[in-house]
Amino acid sequence: MPGSRSMRQVESALRCYPRRWRGRHGDEAAEIASLLIRGGTPARSVAWSYLMGAARTRLVTGPRRRLGAAVGALLLAAGSLGVSLALLSSPAPANAANVTHSRTAHPRPADLRPAGPRHEIGRGAPDRCVRHDDC
Amino acid sequence: MADPKRDGIGGPDVLRRAGDASVLILTSLADGSKHGYALIQDIKGFAGLQLGPGTLYGALDRLERMGLIEALPAEDRRQPYRITAAGAVALRAHLDSIERVTSVGRLRLGLGEI
């Protein structure tokens with residue numbers, strides 16, 4: 001029987017699977033892990049394989065879950081973008097100067113441009129920042 | 001509409017995007033039902049690589065959802081699987097497809113046909 005520490009690693013990884021999956025495969029999965037470890041496969045490698053399998057199972061277990069994962073990813077991306085834009089449009093002079101590089105030959109992609117009337121880039125916007133007279 | 005370039009001569013190659021693990025599992029099940037550990041050992045024997053158990057279960061679940069394998073009644077803690085008729089057709093179509101690619105590859109490398 002493999003050491004208790006090895007099996008604890010595997011059991012922790014198996015706990016990451018959905019309950020329904022564990023109900024169906026859990027006992028056999030633990031037995032396979034035990035046999036593989038006894039055969040010389042490192043416990044860490046077995047646990048890692050189960051961990052990755054659990055992540056995949058949770059991501060692709062049906063259209064609703066996939067939709068949920070996609071919506072979650074989009075929200076996360078939108079949140080990150082929001083944070084980036086907030087940083088870009090912060091009142092720090094260095095950032096403000098960055099944003100007002102609006103008439104360059106290679107403008108930034110539209111989705112990275114901060115929205116709002118204060119920074120209308122490339123559409124007849126004033127050359128200097130209206131928020132900071134010293135820009 | 002069937003695309004002869006994408007689909008095998010014997011039917012659509014549904015395993016084309018299913019991943020190597022799925023093909024290995026179907027190949028292993030082609031000569032009889034097996035449970036998880038037996039599959040890992042058999043695949044190690046004929047393909048020389050050891051499937052991770054997480055990969056194995058992912059592929060088993062996918063193949064079962066696709067109707068290419070089916071679970072048999074569990075024996076103790078072990079869950080045997082067998083290939084279905086649809087699974088055998090899919091495996092054959094995929095092997096035909098691989099065979100065509102292999103032939104072209106060998107010809108182009110100047111190794112001739114097998």
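This is a predicted model: local features need pLDDT of at least 70, side-chain atom pairs count only at pLDDT 80 or more; totals for chains, interfaces and linings use all residues.
1. The largest nonpolar core has 38 residues. Those with the most contacts inside it are A:Val10, A:Val46, A:Tyr50, B:Ile25, B:Leu26, B:Leu56 and B:Leu60. Chain A supplies at least two residues of this core from each of α1 (4-14), α2 and α3. In chain B, α1 (20-29), α2 (36-47), α3 (53-65), β2 (81-83) and α4 (85-108) each do likewise. The largest share, six residues, comes from α1(B).

2. B:Leu56 touches B:Ala21, B:Gly36, B:Leu39, B:Ile40 and B:Leu51, leaving aside residues up to four places away in sequence. B:Leu56 is also among the core residues with the most contacts.

3. The length of α3(A) agrees with expectation: at 1.5 Å a residue, its 17 residues should span 24 Å, and its end C-alpha atoms are 24 Å apart.

4. Which residues of α3(A) are buried? They are A:Ala43, A:Val46, A:Ala47, A:Ser49, A:Tyr50, A:Gly53, A:Ala54 and A:Thr57. Because they cover an arc of only 155 degrees around the axis, they lie on the same side of α3(A). An α-helix has 3.6 residues a turn, so residues three or four places apart point the same way.

5. The buried residues of α3(A) pack against α1 and α2 of chain A, and also against α3 of chain B. Two of them, A:Val46 and A:Tyr50, are among the core residues with the most contacts.

Notes: Residues are numbered from 1 along each chain as its sequence is written. Chains are lettered from A and ligands numbered from 1 in the order in which they are written. A nonpolar core is a set of buried Ala, Val, Leu, Ile, Met, Phe, Trp, Tyr and Cys residues joined through C-beta atoms within 7 Å. A residue is buried if 20 or more other C-beta atoms lie within 10 Å of its own, exposed if 12 or fewer, and partly exposed in between; C-beta atoms are placed from the backbone. Helices (H or I, at least four residues) and strands (E, at least two) are DSSP runs, numbered from the N terminus. Two residues are in contact if their C-beta atoms, placed from the backbone, lie within 7 Å. The expected span of a helix is 1.5 Å times one less than its number of residues. The arc is that of the directions from the helix axis to the C-beta atoms.
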